[in-house]
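I opened my notebook and went through this chain one topic at a time. Here is what I looked up.

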Amino acid sequence: MKISTKGRYGLTIMIELAKKYGDRPISLKSIARTHDLSEHYLEQLVSPLRNAGLVKSIRGAYGGYVLADHPAKITAGDVIRVLEGPISPVEELGEEEPAKRELWIRIRDAVEEVLDSTTLEDLAKYSNGDEEAYMFYI
């Protein structure tokens, strides 16, 4: 399974919002500037995240975006599924030989386990360079 730029940049947005959780809203312009990304592209990504209830938009001069819930309650899997769709290492499982189908299912389940057990809080702490950085196991 390959995560596209949609998923990668979407996680970037969400990690930045997690770092500032409880503070004032963050503009996409500031996230784009910090990570040298296209603000226009980030605007396209934040819409499905907002529609899925993962972020809220705040209007006004000091507006921007905030997480809709605590960073410990939103997982990387939540974000990836919104932006990338279902997690699957292959397109069709039904037509595979039983041994290969079982392999693809095990791979899918392992990837889902990692994504669903990794919260935005974990990623935000890791990004801050904490000494007790979150470890990723597959």
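**Entry 1: Y21.** Is Y21 exposed, partly exposed or buried? I noted first that the model is a predicted one. Y21 has 38% relative accessibility, so Y21 counts as partly exposed. Buried would need under 20%, and exposed over 50%. I found Y21 in the loop between α1 and α2. Next I listed its contacts, leaving aside neighbours within four places in sequence. Y21 is in contact with L67, D69, H70 and P71. I looked at the pair Y21 and L67 again. They are 46 residues apart in sequence, yet their C-alpha atoms are 6.8 Å apart in space.

**Entry 2: the whole chain.** I stepped back to the overall layout. The chain has six helices and two strands. I read their order along the sequence as α-α-α-β-β-α-α-α. The chain holds 138 residues, and 33% of them are buried. I also checked the contacts with a separation of 6 or more. Of these, 62% join residues 24 or more positions apart.

**Entry 3: the core.** Which residues of the largest nonpolar core touch the most other members? I wrote down M14, L17, L42, V55, L67, V79 and L120. This core has 29 residues. The elements that give two or more residues to this core are α1 (5–19), α2, α3 (39–51), β2 (64–67), α4 and α6 (120–127). The most comes from α1, which gives six residues.

I then followed L67. Beyond its neighbours within four places in sequence, L67 is in contact with M14, L17, A18, Y21, L54, V55, I74 and L120. Y21 from my first entry is on that list.

**Entry 4: two crossing helices.** I picked helix α4 (residues 76–84) and helix α5 (residues 98–117). Their axes come within 5 Å and cross at roughly 115°. Which residues meet there? From α4 I noted A76, G77, I80 and R81, and from α5 I noted E112, L115 and D116. By class, this contact has three nonpolar, one polar and three charged residues.

**Entry 5: V111.** I stayed in helix α5, where V111 lies. V111 has 28% relative accessibility, so V111 counts as partly exposed. Not counting residues up to four places away in sequence, V111 touches M1 and I87. I looked up how V111 and M1 are placed. They are 110 residues apart in sequence, but 8.8 Å apart in space from C-alpha to C-alpha.

**Entry 6: the largest pocket.** How much space lies in the largest pocket? I noted about 170 Å³. Its lining is made of E16, K20, D23, R24, P25, I26, S27, S30, I31 and T34. I sorted these lining residues by class. They divide into three nonpolar, three polar and four charged. Helix α2 (residues 28–35) gives the largest share of the lining, with three residues.

**Entry 7: D36.** I ended with a backbone angle. D36 has a positive phi of about 55°, although D36 is not a glycine. I found D36 in the loop between α2 and α3. Is D36 buried or exposed? D36 has 70% relative accessibility, so D36 counts as exposed.

Conventions
Residues are numbered from 1 along each chain as its sequence is written. This is a predicted model: local features need pLDDT of at least 70, side-chain atom pairs count only at pLDDT 80 or more; totals for chains, interfaces and linings use all residues. Side-chain values use heavy atoms; hydrogens and water are left out. Axes are lines fitted to C-alpha atoms, for helices over the stretch in contact, and angles run from 0 to 180 degrees between N-to-C directions. Helices (H or I, at least four residues) and strands (E, at least two) are DSSP runs, numbered from the N terminus. Contact means heavy atoms within 4.5 Å. Ala, Val, Leu, Ile, Met, Phe, Trp, Tyr, Cys and Pro count as nonpolar, Asp, Glu, Lys and Arg as charged, and the others, Gly among them, as polar. On a 1 Å grid over the protein atoms alone, a cavity is a set of points where a 1.4 Å probe fits but cannot get out, and a pocket is an open set with protein on both sides within 12 Å along at least five of seven lines; lining residues have an atom within 4 Å of a point. Grid points are joined across faces, edges and corners, and a volume is the space filled by probe spheres set on the points. A nonpolar core is a set of buried Ala, Val, Leu, Ile, Met, Phe, Trp, Tyr and Cys residues joined through side-chain atoms within 4.5 Å. Buried means under 20% relative accessible area, exposed over 50%, partly exposed in between (1.4 Å probe, protein chains only).
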